[in-house]
Amino acid sequence: MRTVALQSILLRAWQRVGNDAGTGATPIDNIPASAKTMLVAAANDAIEQCWEWTDWPELCRVEERTVQGNATGYYLDYEQVGETAMGQVFKIFRDNPNTNVAPREIQFTLLGDSVRFPESTDLPTTVWVNYRVRPDTYTASNLSATVPAVLSKAVGYMLTAALLEEDGQLDKANLMEAKAESELINERDKYVFQQGQPTSWTARINHY
């Protein structure tokens, strides 16, 4: 998966609104600490929103998971020991969808921190789960951490909007929010129309 350093996204947003980050080997260090803290907080919100905007192929997985059970029935916890914590679950199959042309789906419901199966379901020992991984949480102490490249431009526009809102330039902030949504649509369309990857439709960016 292609990635972009978080600090480069923050720096670009900072400069896009007319701020000078100065010179040197690490110009991100010239941004005031309070501004960096605000930008990282805004970045976490923006990344999560863009992450969940659609089922980006590089952020989704299909993995075999062991079915759990107790007196209340059968289920899968979102967090299982030794496994990647699951975000949104899209589908669950009896068969590996990577090797079966017509894998059989299993119905399920979402309850708290787990996926629950109907009591009448004749379940195999393991199932195949199509899910989205959870977004990372970023901190100002690790600005070299990376963001999926597919989200980077949209996140940058949203950070620019956050800075403009702080400065009271709401019209320009709304323009940046619109550019962020347009960027997400463009990236989604690359998968659908250029690479032939199936993906869900989108929701709009939340304007605050």
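Trainee: Which strand does S3 pair with, and over how many bridges?
Mentor: S3 pairs with strand S4, residues 73-77, in the antiparallel sense over 3 bridges. Two strands count as paired if DSSP finds at least two bridges between them. Strands are DSSP runs of E with at least two residues, helices are runs of H or I with at least four, and both are numbered from the N terminus.

Trainee: What am I looking at, a predicted model or something else?
Mentor: This is a predicted model, where local features need pLDDT of at least 70, side-chain atom pairs count only at pLDDT 80 or more, and totals for chains, interfaces and linings use all residues. Residues are numbered from 1 along each chain as its sequence is written, and side-chain values use heavy atoms, with hydrogens and water left out.

Trainee: Back to S4, then. Which residue there stands opposite Gln 68?
Mentor: Tyr 75 does.

Trainee: And what is the order of the strands in that open sheet?
Mentor: The order is S3-S4-S7-S6, 4 strands with antiparallel pairing. S3 (68-70) and S6 (109-111) are the edge strands with a single partner each, so one side of each has no neighbour in the sheet. On average, neighbouring strands here are turned by 40° against each other, direction ignored. Axes are lines fitted to C-alpha atoms, for helices over the stretch in contact, and angles run from 0 to 180 degrees between N-to-C directions.

Trainee: Which strands form the 3-strand sheet?
Mentor: That open sheet runs S2-S8-S5, with antiparallel pairing. Its edge strands, S2 (60-66) and S5, each pair on one side only. S5 and S8 share 5 bridges, and Phe 93 has Trp 128 in S8 as its bridge partner.

Trainee: New topic: how many residues are in the largest nonpolar core?
Mentor: It has 55 residues, and Leu 10, Ile 92, Leu 151 and Leu 159 have the most contacts inside it. Such a core is a set of buried Ala, Val, Leu, Ile, Met, Phe, Trp, Tyr and Cys residues joined through side-chain atoms within 4.5 Å. Buried means under 20% relative accessible area, with a 1.4 Å probe and protein chains only.

Trainee: Which helix gives the most to this core?
Mentor: H3 does, with 11 residues.

Trainee: At what angle do H1 and H3 pack?
Mentor: About 45°, with their axes 9 Å apart. That makes H1 oblique to H3, because angles under 35 degrees count as roughly parallel, over 145 as roughly antiparallel, 65 to 115 as roughly perpendicular and the rest as oblique.

Trainee: Which residues of H1 make the contact?
Mentor: Ile 9, Leu 10, Ala 13, Trp 14 and Arg 16. Contact means heavy atoms within 4.5 Å.

Methods
Buried < 20%, exposed > 50% of the residue type's maximum accessible area, 1.4 Å probe, protein only.
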